[in-house]
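Hi everyone, thanks for coming. I'd like to walk you through a few local details, so please have the viewer open.

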Amino acid sequence: MGKQVVQLNRVIIRFAGDSGDGMQLAGDQFTSRTASFGNDLATLPDFPAEIRAPAGTIPGVSAFQLHFADHDITTAGDTPNVLVAMNPAALKANLKDIPRGADIIVNTDEFTSRNLTKVGYEANPLEDGSLESYAVHPIPLTSMTVEALKGINISKKEAERAKNMFALGLLSWLYHRPTEGTLTFLKQKFAKKPDILAANITAFEAGWSYGETTEDFSVQYEIQPAPMATGRYRNMSGNLALAYGLIAASQRADIPLFLGSYPITPASDILHELSKHKRFGVMTFQAEDEIAGIGAALGASYGGMLGITTTSGPGVALKSETIGLAVSLELPLVIVDVQRGGPSTGLPTKTEQADLLQAMFGRNGEAPVPIVAPRSPGDCFNAAMEAVRIAITYRTPVFLLSDGYVANGSEPWRIPDVDSLPDLRVPFATEHNHTNADGSTEFWPYLRDPETLARPWAVPGTKGLEHRIGGIEKADGIGNISYDADNHDRMVRLRQAKVDGITVPDLEVEDPTGDARVLLLGWGSTFGPINAACQISRRAGASVAQAHLRHLNPFPANTAEVLRRYDKVVIPEMNLGQLALLIRGKYLVDAIAYNQVRGLPFRAEELAGVIKDVVASV
Amino acid sequence: MSESVDLGFPSLKLVPKTDGKQSAKDFKTDQEVRWCPGCGDYAILAGVQSFMPELGLAKENIVWISGIGCSSRFPYYMNTFGMHSIHGRAPAIASGLAMTRPDLSVWVVTGDGDALSIGGNHLIHALRRNVNLKILLFNNRIYGLTKGQYSPTSEVGKVTKSTPMGSLDHPFNPVSLAIGAEASFVARTIDSDRKHLTETLRQAALHDGTALVEIYQNCNIFNDGAWDPLKDSDHRDALTLRLEHGQPITLVDGTRGVIRNAEGSLEVADVAEVGLDAILVHDAHRPDPSTAFALSRLSDSMTLANTPIGVFRDVPRASYDSMFQAQLATAKAGGSADLGSLLAGSDTWEIA
């Protein structure tokens, strides 16, 4: 007997529980099924830095939010329609974000007086009426799971751990998700542990059946697939897309990739991923520290490899001196900075965009470095290829500024046709490039390509090109040590001119009505929330334009012209106004900075409020 | 192909050979050498340049990488590929180059400040990994380029510009440090002894893996005479213990030698008293590092008495880069590298 089916346009679900409750895994699985069903989606994993904070406490709460819809969406959503709270701490930590009327599924087994006291509940919120305005579904998830697994030869503790699968099964039923993929996933994950596999599958199926039989849920929901460009799709997270982008770039450049790295949150997954792909000639090296990671990458680049280093803000601070050396040596190098909350250790698992000025200026001397930033999880692929293109074409270190939000978030990704990817091959130097007055020839390591101003990439092992380079200033062209005043002035300007002259695509503006007087300008992972905010504003009748910077150094050539077209320019950033400072300084535009550093992405509704005020003021 | 004699350096088997005759002159650059007149670095440079042709390698496949300091100017004077990098980081940069390019012979030049102070971490990790690098550590027990501060090898009580009342720091013994860091090859030689320097370089070059060669080097401006007792013909033979594999370890003058005492420790005793048979025979290839370490502890850092010179330890251990390349080859042989299928993954859906 089927239940009533209600069609919805979009749903936001938040899974929340203890760090050990498997909420990220349940969220990931729900996401994969939702992606393969064809909904558009965006996710926001939000977990503590501690691996296992004390059980049942607020600091130990780990959450995963998923927004899915039958139309194009760009954020993980502001306010969940459903909260799954596996314990009182998860309820308490998340309730403030849940709008009245939303569904709250709670695991009543965990609402013991001890657990309630632990998080400061004086009375049980399930009984004192404080949740009256929500649709609360009290379910003894743990004991029902243990009951369902009775016939399986596992300990009680192991049985209890399968409760996330029970919850996943229930949610999968509630939202009509396909189940096959989850079963396949479990079979792979627990292939060597048949009892645990049986437990997980049984718990998952029990959760599904519970939905179907209980009277607590009278309706089932359906969200139709979203219209998307034709093609083959997969679900893609930012760090995975970034790793794939680097591999693709290495293949298209026909240069082996070498990653020198040191583990750091939230960048380590790129090291893990690249380590799996040695068959593509990908070499990975876990160094003794951040400095050795980038040092080895630079040494590999010197030897003709595609040198990459991956890190987060604190690691960049340690790598700064080597980045300066790479600027001076003019060798290709990609520095991936998956930004997190700072300063210092800051908020390791939370997102922020506060390394822009560090990337731009964080070195001694005049040491310009190009900067590329992805706008969404899937876009990390393209941004990585672009960073490699710039690095090897112009022989320069390049910053790829991702952040925790795009790195851990995911979205449906249209799988590109390999042949359509850009050809990134560049020539290595093979012969002398300078003729002396007497007709003899030499190799000059700092003789530049007149168009790109790049110097030759002359790798050891090339006969006749033996030469010495170093961090000391070099004479223009010949490359010998030079302390000459005029030469230094010329070299500083040449290095700057090389970076300023990098060809980057023009800045595109989205202004559907064509009469906007307010421009929203952003960069990096804020694309989604800014885009959603603009759509909300437009639906409310406001005219607003959006432009999003992928290249932060150099800025696109038409940036000045775009900025001057609008009466007001608003720059929302997850920092205290770093892009705004650059824009004001370079273009003398009185940009309005809107800033938050909460470790979480902007809420679209909030940004829409900002837009409303600015539009009203022009 | 090669006209030079093939010494069969196992560590260099993948490096292309020279197709012509080489001489020391081929390794000199047109750059004016800018060390202070009388600096010990000149002797080392000349020694290295005259040794290089022995390797019989294509010049373009040799790379010298250095950090910062007086010694680190070395690459500018070698007509090979070279990089003068940043303070302390040469082993890291050289590691990235050596592990990705097995066809190169990679040499690192560093000093006591560069290698043991700011770059201490990279040095110990390079040694434990056993990347195929030859590291020449010029030890003059002083900071030269920054004009005369004490270094991590300066003796306690050293009066310098930064320690007017004498240095409080206990010095490192670079050989002990290297053995403690799992080095597979550790040697010590002296700038002024060309023959010994060359022989030590030869053995280092033969070694497959990281070879650390500590070179006692004189800074005649800021720490002149630091090693004089080991150089002065009146005293040196009575202070220097010669380490030669298979030979009894005695002072050069033969009067005293190394014995293992009842407690199992090493000590120096009169040969006449204990007899030559009691003198320890040097075994550089001994897998257990404890005797090599004990030898490194015999010298007195103040008087330099009983200073061992030669190869302390030279044991076979697979080099990091050979294992690194082997893993790569195994992976390449074991699976196809199709970018299209990588990007597609296994869980996809079609939108028509």
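Predicted model: local features only at pLDDT ≥ 70, side-chain atom pairs only at ≥ 80, totals over all residues.

Residues are numbered from 1 along each chain as its sequence is written, chains are lettered from A and ligands numbered from 1 in the order written, and side-chain values use heavy atoms, leaving out hydrogens and water.

Okay, helices. Find α9 (residues 238-253) and α10 (residues 268-275) in chain A: they pack at an angle of about 45°, with axes 9 Å apart. Helices here are DSSP runs of H or I with at least four residues, strands are E runs of at least two, and both are numbered from the N terminus. Axes are lines fitted to C-alpha atoms, for helices over the stretch in contact, and angles run from 0 to 180 degrees between N-to-C directions. So α9(A) and α10(A) are oblique to each other; that's the label left over once under 35 degrees is roughly parallel, over 145 roughly antiparallel and 65 to 115 roughly perpendicular.

Who makes the contact (heavy atoms within 4.5 Å)? From α9(A), the residues include Leu240(A), Tyr244(A) and Ile247(A), and from α10(A) they include Ile270(A) and Leu274(A). The contact residues divide into eight nonpolar, one polar and two charged. Nonpolar means Ala, Val, Leu, Ile, Met, Phe, Trp, Tyr, Cys and Pro, charged means Asp, Glu, Lys and Arg, and the others, Gly among them, are polar.

Arg448(A) sits in the loop between β18 and β19 of chain A and Glu330(A) in the loop between α12 and β13, so the pair ties together parts 118 residues apart in sequence.

Now the backbone. The Gly342(A) to Pro343(A) peptide bond is cis, with omega near 0°, and Pro343(A) is in the loop between β13 and α13 of chain A. Asn553(A) to Pro554(A) is cis too, with omega near -5°. Arg395(A), in the loop between α14 and β15 of chain A, has phi near 50°, a positive value in a non-glycine residue.

Finally, an unreviewed UniProt entry lists residues 68-215 of chain B as "domain: Thiamine pyrophosphate enzyme TPP-binding".

Methods:
Contact = heavy atoms within 4.5 Å. UniProt positions renumbered as here; feature names shortened; annotations may be inferred.
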